[in-house]
Amino acid sequence: MKFERFIAQRFLQRGKNNFSQPLIRIAIISIALGVLVMILAVSILRGFQNEITQKVVGFGSHIVVSYFDGGNDYEQIPIETTRPILDEITKTKGVKNVQYFANKGGMIKTDEQIHGIVLKGVSSNFDSSFFKNNIVEGRLFTLNDTLPSNEIIISKTLADKLKFGLGDKVRTYFWQDNNYRARAFTIVGIYSTDLTEFDEVFMIGDIRTVQKLNNWTNDQVGGYEILIDDFDNLPLYAMTIYEMLDYDLTLTTVKEENPALFSWLDLLNTNIILILAVMAVVCMVAIVSALLIMIFEKTSMIGLLKTLGATNKTIRTIFIYKSVSIIGKGLLIGNAVALLLATLQSRYEIISLDSESYSMSSVPVDMSVWIFLFVSAGTMIACLLALLIPTAFITKVSPAKTIRVE
């Protein structure tokens with residue numbers, strides 16, 4: 001065992017007359033609380049960002065390829081599914097799925113109400129995992145290989161507003177070529193995502209229905225939706241795919257389609273940084289205060305060690321060992337409590353939210369191990385750097401004066 005560590009364990013251990021012990025316990029509790037608040041703050045805010053992002057991407061995709069002059073989102077100019085670039089995009093590293101879609105604006109008419117909607121038509125290569133996970137009643141529609149399916153799924157928001165239930169027929173009307181076309185659909189599933197601006201508008205069905213409404217051929221679609229495996233690298237994937245496109249095609253990312261929403265989510269990072277900074281200062285003040293009291297309490301021991309030949313560096317190391325022990329206990333307690341609370345919230349959704357205001361029914365938690373490691377490592381480094389200030393007082397201790405006092 002190193003000399004410094006031995007002295008830290010023996011000479012700085014608890015004793016009846018150690019008036020620094022209460023402050024040391026306060027420092028451990030302060031660090032634990034600081035770490036707890038930092039981990040939960042980052043986990044909740046990151047969970048909120050991820051939850052909203054997943055829902056928005058679930059309604060579409062990360063990247064949408066469409067005709068360069070595609071009109072609006074609800075009346076699209078078709079592109080073909082036979083273009084060679086589809087193979088290139090599909091084979092691009094990081095691309096999980098390429099699926100076809102087509103949107104058609106229209107309205108639902110009931111005996112009492114008229115409500116504007118968008119029919120989103122999807123094909124057999126559609127990644128339906130998002131809607132499967134959010135189905136609250138019924139099932140997903142079935143796509144067969146022969147005739148277009150008249151089955152649709154609608155949101156719980158829309159079903160409650162228009163008083164629809166499973167198995168009900170939905171009368172819809174779509175404007176086409178200065179005339180309207182009527183279609184009847186059967187509700188086979190009801191989903192809920194808590195994203196009101198999407199839930200109130202979209203109903204999901206067979207793309208072949210949209211193709212017939214628009215007088216398109218079977219190889220004409222509204223666009224290609226591209227799902228990638230790493231959202232953080234979205235700009236890089238978008239640039240790579242953009243360079244493959246034909247001159248008459250363009251692409252938009254999910255961030256470009258929803259700029260206000262993602263700008264708001266990015267602003268949450270400012271809150272995370274502010275919370276981390278404040279809590280880091282609290283931890284630093286706690287450990288510095290505890291160390292200063294220990295140094296003042298052990299002034300005679302410092303003078304004795306210097307008399308016996310110990311250098312300032314050696315004595316600094318002794319107190320740093322003790323400080324690391326205090327910080328370590330605080331980190332361990334803070335991480336354990338944060339893990340417990342995050343696990344309980346993730347499994348049992350103890351804290352609920354107003355879904356209309358927050359677009360989710362409970363507080364989301366991102367339990368990534370990197371959050372725990374980042375907060376713990378950052379706290380340890382910040383506290384160790386803060387220790388440079390109080391340990392500087394060790395150099396001011398005079399052996400002659402301390403021994404004379406003794």
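I began with the largest pocket, which is lined by 46 residues, and among them Asn50, Glu51, Thr53, Gln54 and Lys55 lie nearest its centre. For my own reference, a pocket is an open set of points on a 1 Å grid over the protein atoms alone, where a 1.4 Å probe fits, with protein on both sides within 12 Å along at least five of seven lines, and lining residues have an atom within 4 Å of a point.

I kept in mind that this is a predicted model, in which local features need pLDDT of at least 70 and side-chain atom pairs count only at pLDDT 80 or more, while totals for linings use all residues. Residues are numbered from 1 along each chain, and side-chain values use heavy atoms, without hydrogens and water.

I noted a volume of about 1,200 Å³ for the largest pocket, taken as the space filled by probe spheres set on the points. Helix H2 (21-59) is one of the elements that supply at least two residues of this lining, and H2 gives the largest share, 10 residues. Helices are DSSP runs of H or I with at least four residues.

Next I turned to helix H11 (residues 299-307), where Met301, Ile302, Gly303, Leu305 and Lys306 are buried, meaning under 20% relative accessible area with a 1.4 Å probe. Just after H11, Gly309 has a positive phi of about 110°.

How many disulfides are there? I counted zero, with a disulfide taken as a pair of cysteine sulfur atoms within 2.5 Å. The sulfur of Cys383 is 5.3 Å from the closest cysteine sulfur, in Cys283, so the two are too far apart for a bond. Cys283 counts as buried because its relative accessibility is 0%.

Conventions: Buried means under 20% relative accessible area, exposed over 50%, partly exposed in between (1.4 Å probe, protein chains only).
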